[in-house]
Each structure stands twice: as C-alpha cells, then as structure tokens.
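Please open the model in your viewer and follow the selections below in order.

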Amino acid sequence: MIDFNRPHFTGNELKYIQEAVLQEKHISGNGVFTKRCQSFFEQRYGFKKCLLTTSCTDALEMCAMLCNIQPGDEVIVPSYTFVSSALAFVRQGAKIVFADSRASNPNLDADEIEELVTPRTKVIVPVHYAGVACNMDRIMEIAERHHLFVVEDAAQAIDSFYKGRPLGGIGHLAAFSFHETKNIISGEGGMLVVNDEKFIRRAEILWEKGTNRAEFFRGEVNKYGWVDVGSSFLPSEMTAAFLWAQLEALEGIQAKRKRLWNKYYELLKPLADRVCFKLPDIPEYATNNAHMFYLVCKSLEERSTLIKHLRENDVQAVFHYLSLHSSPYYQDKHDGRPLPSCDRYADCLVRLPMYYDLVEEQVEQICKQIMEFYKVYC
Ligand SMILES: *Cc1c(COP(=O)(O)O)cnc(C)c1O
C-alpha cells in the first residue's frame with residue numbers, strides 16, 4: 001500500500017533532543033533550540049518576530065487575542081479550510097463570515113471579500129491552500145481601506161512566496177504549522193509571526209501566561225508578574241530540538257518534494273488537457289512549495305469511485321475539507337449565503353500521496369492507476 005502521508009525524519013532529531021536534555025539541561029520552553037528555530041525564520045524570511053507555539057491552532061488563538069476580538073466582531077474566513085482558521089476566532093466570541101473559494105483554486109476569492117465587510121468586521125484570514133498564495137495585494141488593499149487586520153493562515157505555506165515575498169510575512173500576523181502532515185514537522189507544533197511591530201510586546205506576554213517575563217530577562221524591568229491574559233503557548237525544548245533537525249534539512253526536503261510534484265504534474269497533464277479533471281492552479285504571482293498534490297474531479301460520484309479504484313490498487317488517496325459553513329457546529333450560525341465553489345472542492349477535490357520518502361517509481365505507479373481509471377471515466 002502507498003500511504004497518503006508518512007512523516008520524514010532527517011536523522012538528527014534524537015541527537016538534538018539529547019543535546020537539549022543532557023548538555024543544555026533545559027527542557028521547558030524558550031531555550032537554545034527555540035531561539036535557534038525562531039531566528040532561522042527571522043533571518044531567512046525577514047519575519048519581524050517569531051514565537052514557536054504548541055500548534056498552529058494556538059498561534060491563531062494568539063492572533064485572535066492580539067487583534068482584541070470581542071463578542072460580535074466579524075472575521076472573514078474561507079469556508080474551505082481547516083476548522084482552526086475559524087475556531088481560534090470563535091473562541092473569542094467572533095461571528096465568522098465565510099468567503100467562497102475561487103473558481104480556479106480553493107483560496108478565498110479576494111474580489112468577493114469587500115462586499116462581506118461591515119462596520120463590525122475586524123479581521124480577514126487568508127488561508128494559503130496547498131501553500132499557494134492568496135491574492136495578497138488585493139487583500140491588503142481592502143484591509144487598509146477598511147482598517148482591518150490581516151492574519152495569514154500559513155499552516156501549509158512554509159517556504160512559499162507571493163510576488164517574491166515570503167508567505168507569513170505579508171499580513172499583520174501569521175501562523176505556521178509543524179504538524180506531522182506538513183512539509184516540516186515537530187509532531188504537534190506551530191509558530192506565530194508578528195509583522196506589525198505594535199503587537200510584539202503583547203505577543204510575548206500572551207505567550208508566557210500573561211506575564212512580562214521576557215522583559216524581565218532582557219533587564220528592561222526589575223521584576224515580573226501578571227500583566228495581561230495569556231496561556232502557556234510555548235512548546236518544550238524537546239519539540240524545538242526536533243524542529244531544528246528538520247529546519248536544517250529544509251532545502252533538501254523542499255527540492256525532493258518539488259521533484260515529486262513536478263513528476264505528478266508532467267504525467268497527469270495529458271489527461272487534464274483532455275478535460276478529464278483539473279490540476280492545481282498556481283497563479284503567476286505565486287510559487288509552489290509542493291505541500292500537496294491534488295486533482296479536482298467532475299463530480300462527487302466520480303471522486304468516490306476514483307478513491308475506491310486507487311485503494312483497490314494499493315494507493316491511499318483522500319478527500320479534504322467539508323465546507324465549514326455547513327458544518328454541524330456552524331450551519332445554524334451561518335448567514336445562509338450559498339458558497340458554490342467551496343462546495344465543489346468539498347465534493348470533488350482528491351489529494352494524492354505526497355511526502356519526502358515517496359519515490360518517483362511510486363508516483364509513476366499512482367499515475368498509471370489514474371490513467372487506467374480515466375480510460376473509462378473520461
Ligand atoms: C494544519 C492546519 C492548521 C492547524 O495546524 P495545527 O498545527 O495542527 O494546529 C490550520 N490551518 C490550516 C490551513 C492547516 O492546514
């Protein structure tokens with residue numbers, strides 16, 4: 001069976017964990033490895049301030065707190081996304097105004113969000129689906145005109161760019177994930193990026209249980225205590241040490257994933273040209289970080305049959321999000337607008353195996369099965 005996902009280990013994970021435990025003797029948070037990981041992102045991508053978190057969900061919760069979301073405030077979120085993109089704001093009392101996807105790819109349609117803005121709107125949350133950039137110039141321009149914050153859900157978007165600018169570095173705030181299903185992993189793990197300086201001080205306080213501990217250790221205040229709300233958002237050094245072993249190997253991991261992605265694309269392009277299904281769309285302003293390879297089938301029935309065909313031939317392919325606007329938790333709270341593009345991806349998108357340890361022969365085998373299937377279906 002070719003699995004859908006397998007976590008990749010670079011080989012240095014245990015060595016660095018051992019170093020944290022035996023040499024540094026510091027296994028709680030904010031030690032040497034945490035700082036090393038944070039400055040990796042600050043230096044490589046020019047992010048102003050990075051704070052590792054226990055998950056991307058946690059980083060998004062910090063964003064909701066930093067934007068000072070109050071009950072009744074509105075937040076614009078695509079409906080075709082993971083629960084956390086909306087949940088983090090719902091916890092602060094926000095009303096989610098769901099945006100539809102583009103016809104050409106699952107990202108929210110920037111041309112449609114302006115009509116969703118009301119006097120209660122506070123935040124727009126662009127999710128860079130499959131690591132492919134949303135139309136950020138348009139989103140930032142709308143946000144500026146209406147005095148809104150932009151929080152990028154960059155969970156899938158490590159090492160990907162919009163017009164040459166790194167994703168996660170454009171909105172006021174951003175959140176990354178190092179969950180084991182992402183390109184770079186630490187089991188559970190995430191990171192908050194603060195691009196707007198005015199949030200930095202409070203972000204450090206929320207991160208360390210509402211205390212000004214960071215300022216104390218920098219010698220800026222002579223005692224530290226409880227100054228705000230917050231939580232224990234920082235991961236242990238063992239998580240950070242693991243993550244460091246992955247970050248060191250970032251370039252090799254990305255190169256291999258892109259090779260596999262390009263192989264899929266090249267082998268499946270002839271079928272896409274015959275309009276059997278659609279391949280991922282990468283707008284000219286965006287790069288591809290090879291987080292995911294997906295197809296968009298023509299119907300739910302076709303997709304189910306394809307997934308079944310692949311499973312019978314030892315390939316694990318999976319569908320993705322169910323529309324959040326019609327989820328059991330939110331459907332009664334949704335304003336009732338139909339979101340047809342989102343529903344189409346919920347019904348028709350299928351993801352193929354994509355991970356570092358996959359080999360090109362397996363990609364060929366998977367594509368051969370897809371070709372077999374479309375002999376009948378196209
Ligand atoms: C994975 C993912 C998350 C959640 O990440 P965690 O680290 O598991 O909290 C949020 N949003 C998107 C778009 C994701 O893909």
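Where does the ligand sit? This is a predicted model, in which local features need pLDDT of at least 70 and side-chain atom pairs count only at pLDDT 80 or more, while totals for chains, interfaces and linings use all residues. Residues are numbered from 1 along each chain as its sequence is written, and side-chain values use heavy atoms, with hydrogens and water left out.

Select the ligand to begin: the ligand sits in the largest pocket (an open set of points on a 1 Å grid over the protein atoms alone, where a 1.4 Å probe fits, with protein on both sides within 12 Å along at least five of seven lines; sitting there means that more than half of the molecule's atoms lie within 2 Å of its grid points).

Next, show the 15 residues around the ligand (a heavy atom within 4 Å), of which T57, D153, Q156, S177 and K182 come nearest.

Now look for polar contacts (N or O atoms within 3.5 Å): an oxygen atom of the ligand is 2.5 Å from a side-chain N or O atom of T57, and one is 3.1 Å from a side-chain N or O atom of K182.

Finally, colour the protein chain by its domain assignment (automatic or from a database), which gives domain 1 (13–248) and domain 2 (250–377), with 26 Å between their centres, taken over C-alpha atoms.

Definitions and conventions
A polar contact is a pair of N or O atoms within 3.5 Å; within protein, one must be able to donate a hydrogen and the other to accept it, and residues adjacent in sequence count only if both atoms are side-chain atoms. On a 1 Å grid over the protein atoms alone, a cavity is a set of points where a 1.4 Å probe fits but cannot get out, and a pocket is an open set with protein on both sides within 12 Å along at least five of seven lines; lining residues have an atom within 4 Å of a point.
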